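Open the model in your viewer and keep the sequence beside it. At each stop, select what is named and then read what is there.

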Amino acid sequence: MSSRPRKVLVMAIVAVVAAASICGNVNGEKEECTKGSECKKSIYCCNMTISEFFDADQFDNFFPKRNSPIAQAVGFWDYQSFITASSLFQPLGFGTTGGKDMQMKEVAAFLAHVGSQTSCGYAAAPGGPYAWGLCYSHEMSPSQSYCASSYIYPCAPGAEYYGRGALPVYWNYNYGMIGNGLKVDLLNHPEYLEQNATIAFQAAMWTWMNSVKKKQPSAHQIFVGKWKPTKNDTLSNRVPGFGTTMNILYADQVCGQYGNMESMNNIINFYLNYLDLIGIGQDQAGPYQNLSCAQQEVFNPSTSSS
């Protein structure tokens with residue numbers, strides 16, 4: 001797991017309860033729909049739910065080595081935790097935006113980020129380098145406690161804020177913001193992200209669904225076509241597609257002239273592999289300039305503590 005920190009922005013979550021499937025159409029426009037506990041009271045729920053096109057067997061195909069004896073997180077990550085977490089976000093469009101192909105591509109894209117950031121794979125690894133996603137639940141050799149001065153989210157005594165989760169969370173202020181959003185006291189108990197797989201997936205999905213800064217798109221908006229690049233974006237070579245999701249999530253840790261080309265290509269290859277496994281095919285990934293962020297100016301250049 002990478003030891004590089006990143007900032008996230010979170011919002012309050014809504015509770016989701018079980019209900020019967022209710023969908024309708026009035027005057028050619030979709031009403032809000034509900035499909036059991038997985039997707040409730042949203043126009044997005046009138047589309048297929050994630051479990052309708054991505055089942056437990058496919059999850060196992062994406063992450064076949066996660067329970068290998070040499071994996072750090074044996075027994076931690078599971079399909080039901082992923083689906084339970086997604087039920088908070090499917091009503092907001094996660095995996096439920098657009099037609100079936102777009103829905104499948106978004107799940108593959110999100111899990112490509114997750115798989116690459118939690119992988120212990122390598123070129124000659126059994127099963128190949130992309131079979132080892134969800135190998136970790138936390139950073140193995142933290143170089144520091146990731147405690148920064150913060151009036152709003154001060155470090156709790158004895159707590160360490162090293163990378164944890166499906167998209168690793170670093171620093172006390174990020175744990176504090178995510179904890180507020182999930183209504184879980186992550187500031188005082190950052191270890192929850194390596195103890196509860198549902199919460200770990202929830203934190204990753206909030207990172208995907210929400211903007212890092214005001215007036216910037218979220219990775220979700222970029223990927224599903226709800227972001228319209230400005231003139232400045234175009235001049236900065238930022239275009240809709242998978243590449244710009246890397247720009248938002250990792251900035252110059254991966255993208256731009258100071259980025260890490262090897263890391264960038266590794267994330268892209270996870271995505272291409274998952275497109276094949278989910279049944280879309282990597283020929284549907286789009287041109288390389290949309291997959292890559294190597295030539296992009298980054299949205300949020302690194303600072304000394306982020």
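**Before you start**

This is a predicted model, in which local features need pLDDT of at least 70 and side-chain atom pairs count only at pLDDT 80 or more, while totals for chains, interfaces and linings use all residues. Residues are numbered from 1 along each chain as its sequence is written, and side-chain values use heavy atoms, with hydrogens and water left out.

**Stop 1: helix α6**

Select residues 197-209, which make up helix α6. Helices here are DSSP runs of H or I with at least four residues, strands are runs of E with at least two, and both are numbered from the N terminus. How far apart are the end C-alpha atoms of α6? They are 18 Å apart, which agrees with the 18 Å that 13 residues should span at 1.5 Å a residue. The expected span is 1.5 Å times one less than the number of residues.

Of the 13 residues of α6, 13 are buried, so the helix is largely enclosed by the rest of the structure. Buried means under 20% relative accessible area, exposed means over 50%, and partly exposed lies in between (1.4 Å probe, protein chains only).

**Stop 2: Asn247**

Select Asn247, in helix α9 (residues 242-250). Is Asn247 buried or exposed? Its relative accessible area is 0%, so Asn247 is buried. Show its side chain and find two polar contacts in turn. The side chain of Asn247 reaches the backbone oxygen of Glu297 at 3.2 Å. A polar atom of that side chain also lies 2.9 Å from the backbone nitrogen of Phe299. Apart from neighbours within four places in sequence, the residues in contact with Asn247 (heavy atoms within 4.5 Å) include Arg238, Cys255 and Gln296.

**Stop 3: Thr118**

Thr118 is in the loop between α4 (100-117) and α5 (172-182). With 0% relative accessibility, Thr118 counts as buried.

**Stop 4: the disulfides**

Show the cysteines. A disulfide is a covalent bond between the sulfur atoms of two cysteines; here a pair counts if the sulfur atoms are within 2.5 Å. How many disulfides does a search of the whole structure find? It finds five. Counting bonded cysteines along the chain, the pattern is 1-4, 2-3, 5-6, 7-8, 9-10.

- Cys33 and Cys46 have sulfur atoms 1.8 Å apart. Cys33 lies in strand β3 (residues 33-35) and Cys46 in the loop between β4 (39-42) and α1 (50-53), so the pair ties together parts 13 residues apart in sequence.
- Cys120 and Cys135 are joined with an S to S distance of 2.1 Å. The link is right-handed, with 90° about the S-S bond.
- Cys255 and Cys293 have sulfur atoms 2.0 Å apart. This link is left-handed, with -80° about the S-S bond, and both cysteines are buried.

Methods: A polar contact is a pair of N or O atoms within 3.5 Å; within protein, one must be able to donate a hydrogen and the other to accept it, and residues adjacent in sequence count only if both atoms are side-chain atoms.
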